Amino acid sequence: MIISSEEKWLRLFGHFKENHIAAPNLIKIVEYAFCLPGTSAPVERVFSLMNNAWTDDRGLLKESTVKGLMTCKINIGLACEDFYNKIKNKKDFLKKS
């Protein structure tokens, strides 16, 4: 039977709780370790998208514009035309930001 690492930690902390073993520092370390990404792939993807958006032709774009482009591209996942078609009839969309 294959047990996930999450299940292993849950069993360990269950053991600590059942036997009244205090381990606040261990819990903090494990919580910190679980919040770290397993790879740098998401960060590398962001840099790749940024390099595609902030080309020599677009070198004069303000940092805030590039940030807006990246936010839309990463969080929405639609091509520009598809995104435009999705929001063009939503008058209050830009007012919410």
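How many Å separate the centres of domain 1 and domain 2, taken over C-alpha atoms? The answer is 39 Å. This is a predicted model, in which local features need pLDDT of at least 70, side-chain atom pairs count only at pLDDT 80 or more, and totals for chains, interfaces and linings use all residues. Residues are numbered from 1 along each chain as its sequence is written, and side-chain values use heavy atoms, with hydrogens and water left out.

**View 1. The two domains of the protein chain.** Domain 1 covers 5-35 and domain 2 covers 40-88. These bounds come from an automatic or database domain assignment.

View 2. Phe13 and Phe16 both sit in helix 1 (residues 5-18). Helices are DSSP runs of H or I with at least four residues, numbered from the N terminus. The two residues are three apart, about one turn of the helix. An α-helix has 3.6 residues a turn, so residues three or four places apart point the same way. The structure holds two aromatic pairs. In one of them, the ring centres of Phe13 and Phe16 are 6.2 Å apart and the planes stand at 65°, so the pair is edge-to-face. Rings of Phe, Tyr and Trp (its six-membered ring) pair if their centres lie within 6.5 Å; planes under 30 degrees apart are stacked, over 60 edge-to-face, the rest tilted. Phe16 counts as buried, at 16% relative accessibility (buried is under 20% relative accessible area, exposed over 50%, partly exposed in between; 1.4 Å probe, protein chains only).

**View 3. Helix 2, residues 24-35.** Its twelve residues reach 17 Å from first C-alpha to last, close to the 16 Å expected at 1.5 Å a residue. The expected span is 1.5 Å times one less than the number of residues. One of the twelve residues of helix 2 is buried, so helix 2 lies largely in the open.

**View 4. Helix 4 and the residue after it.** Helix 4 (residues 63-76) has 14 residues and should span 20 Å; its end C-alpha atoms are 19 Å apart, which agrees. Gly77 follows, with a positive phi near 75°.

**View 5. The largest pocket.** Its space is about 300 Å³. Of the 13 lining residues, Leu69, Cys72, Lys73, Leu78 and Cys80 are the closest to its centre. On a 1 Å grid over the protein atoms alone, a pocket is an open set of points where a 1.4 Å probe fits, with protein on both sides within 12 Å along at least five of seven lines; lining residues have an atom within 4 Å of a point. Helix 4 gives the largest share of the lining, five residues.

Notes:
Grid points are joined across faces, edges and corners, and a volume is the space filled by probe spheres set on the points.
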